[in-house]
Amino acid sequence: MTSLRNLTIKKFHDGLLKKEFSTLEITRSFFKEISENDSKINAYLSLNEENAINEAKSVDALIAQGESVEVLAGVPLAIKDNILIKGLPATAASKILENYVASYDAEVIQKLKNERAIFLGKTNMDEFAMGSSTENSAFKITRNPRDNERVPGGSSGGSAAAVAANMALAALGSDTGGSIREPAAFCGVVGLKPTYGAVSRSGLIAMASSLDQIGPITKTVEDSAIVFNAIRGRDPLDATSAEPPVGQNYENELLNPDIEKIKKLIVGIPEEYFVKGLDKNVEEAMNVAMKTVGGLGVKFKKISLPHTKYALSCYYIIMPAEVSSNLARFDGIRYSRLSNIDASNLKDIYFKQRGSGFGQEAKRRIILGTFVLSSGYYDAYYKKAQQVRRLVKNDFENAFKEVDVIMTPVAPGPAFKIGEKTEDPLTMYLSDIFTIPANLAGLPAISIPVREKMVRQAHRKEEGLPVGFQIIGKPWREPDILGLGQYYEKTTVPELYE
Amino acid sequence: MASKIDIKTLEHLAELSRIKLDKKEEEKLLEDMGKILAYFDELKSLDTSGVEPMNGPLRRSVSEASGTELKNSLREDEERLNTNQGAGADVFPESKDGFLKVPPVFQ
């Protein structure tokens, strides 16, 4: 039997065509892994076993008939529970959606179904994607597969944990301020937040619409490129979605990066991301990763992104403002209802359903968002934040005149202990300090585990926790960050590419 | 920038947000919001006069501010097959004989 541990999408596809195994065998192995280990990890909220097994059989039948299949055919995926799959629950880990069943497919799901990918189940998350640890789920706390006392990161913690614990070959998450990249870094897997607009948000339960993007969480950068290429593209149901600018050989560059081009990239190192308070392990791991990246032939250049320190405040004004508007639709009448609510008139229904249905963090953000938008405070908060957002974006535009990509840490420290940051929301918000700017500016960014053996060994002696580094690219230059990431991995973890 | 929220403001915000809060929640929220708004005070020191807010390109009113600056790209106004008809009604929590059932809204 093939080991799931080093299995990637690429290897799965090759093995399937060579008939080394069947889709059914592999799908069953994943469900076996889930039934044995998920009671400990809690990555999944619901499973889709019957449909998955049927779909696996139909993929095997196609292959047996000698039909050609897409690269994602039969690939067993985990899907974050804020992405709709028709006929399956989509709770966004909130009590207010506990009984909601999706009535249509998100565009990304439709695209994956066209490729005949397989959905193992829906994964746990912070309620409505609000959090950095997956502790804000109304249903369960997901544990980090690398250390069960620690959080997997969030809000896509279930998806990252499922991939890291070999309970899915790859996963989808969503990223509003770091919700794909931070859990990927904490769990030691790869996570990509695409350029704003590259992937349709149709069928994603909205948190902050000007920041949200769906993206892949995978074992390798190459797998992220494959999944991203399958889900991207203009969708008439999302007016902000788009195709990459014409004249680029985008798809070929994504899937077959050219080392000669990658070598010529100039990598910016922003001083504002290497400040006091950065965890020692993170700093050390960054140095090691930069040395390897430098070994590929790229040049480094010191840069400054002077408004970085204002990005967190800016984000925590704009995002709740959008949250307060997006979550108004959950009124306790449509979608799903709490049954034990006794109310006598319409207003009473709203107050009680929303009061009992939303968790603490959702309530905090709705109230905060209502405040920053209210008359008398709008200029001081919301307008000011949108001005700061422009300054943050200008910083990147200026930097990208001199460099092609920017390399930074993903988070100030490795995975923290469960319960460590739940009391004070500000401490939790600070976990996203390095990931938020890319969302504000709409840029593509990837989180890649620091793979060097020496780091892995040093950390095993101490804490054994993964650390991730981030590469931020120019708008629509996913090929740069994915290309550089792939050559980094081919040097450090060749076994995943053999 | 007023960085304090008092209990009256909080109750008003909860009323606007249609969220029922109990006493304990109110106390925790007051404390948390105080800390968060104090953190936002750092923005005061940043001069943004003359900076165009990064709202959407339409900006006819506040409600159209989107923050992404993408151009609206609407689909062609042409006939097409809608495969999603009735999907909202199918999953409505309660329905009877094709009607959607809502809780009584008048006393």
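Buried means under 20% relative accessible area, exposed means over 50%, and partly exposed lies in between, with a 1.4 Å probe and protein chains only.

This is a predicted model: local features need pLDDT of at least 70, side-chain atom pairs count only at pLDDT 80 or more, and totals for chains, interfaces and linings use all residues. Residues are numbered from 1 along each chain as its sequence is written, chains are lettered from A and ligands numbered from 1 in the order in which they are written, and side-chain values use heavy atoms, with hydrogens and water left out.

Q: Why is A:M207 called buried?
A: A:M207 has a relative accessible area of 2%. The cut-off is under 20%. Therefore A:M207 counts as buried.

Q: Where does A:M207 lie in chain A?
A: A:M207 is in the loop between β5 (190-193) and β6 (213-218) of chain A. Helices (H or I, at least four residues) and strands (E, at least two) are DSSP runs, numbered from the N terminus.

Q: Which residues is A:M207 in contact with, leaving aside its neighbours within four places in sequence?
A: Among them are A:F128, A:M130, A:Y315, A:M319 and A:R365. Contact means heavy atoms within 4.5 Å.

Q: Which residues of helix α4 of chain A are buried?
A: In α4 (residues 107-114), they are A:E107, A:V108, A:I109, A:K111 and A:L112. Their cover includes β2 (76-80), β3 (118-123), β4 (170-175), β6 and α7 (221-231) of chain A. Just after α4(A), A:R116 takes a positive phi of about 65 degrees.

Q: What is the area buried between chain B and chain A?
A: About 5600 Å², and carbon and sulfur atoms give 65% of that. Buried area is the accessible area (1.4 Å probe) that two parts lose on being put together, summed over both. In chain B, B:R18, B:L43 and B:M54 lose the most area to chain A, together 11% of what that side buries. The contact takes 61 residues from chain B and 65 residues from chain A.

Q: What makes B:E25 and A:K363 a salt bridge?
A: Their closest N and O atoms are 2.4 Å apart. The rule asks for a side-chain nitrogen of Lys or Arg within 4 Å of a carboxyl oxygen of Asp or Glu. So the pair qualifies as a salt bridge. The count between chain B and chain A is five.

Q: Which element gives the most to the side of chain B that touches chain A?
A: α2(B), with 10 residues. Elements giving two or more residues there are α1 (7-17), α2 (23-40) and α3 (87-90) of chain B.
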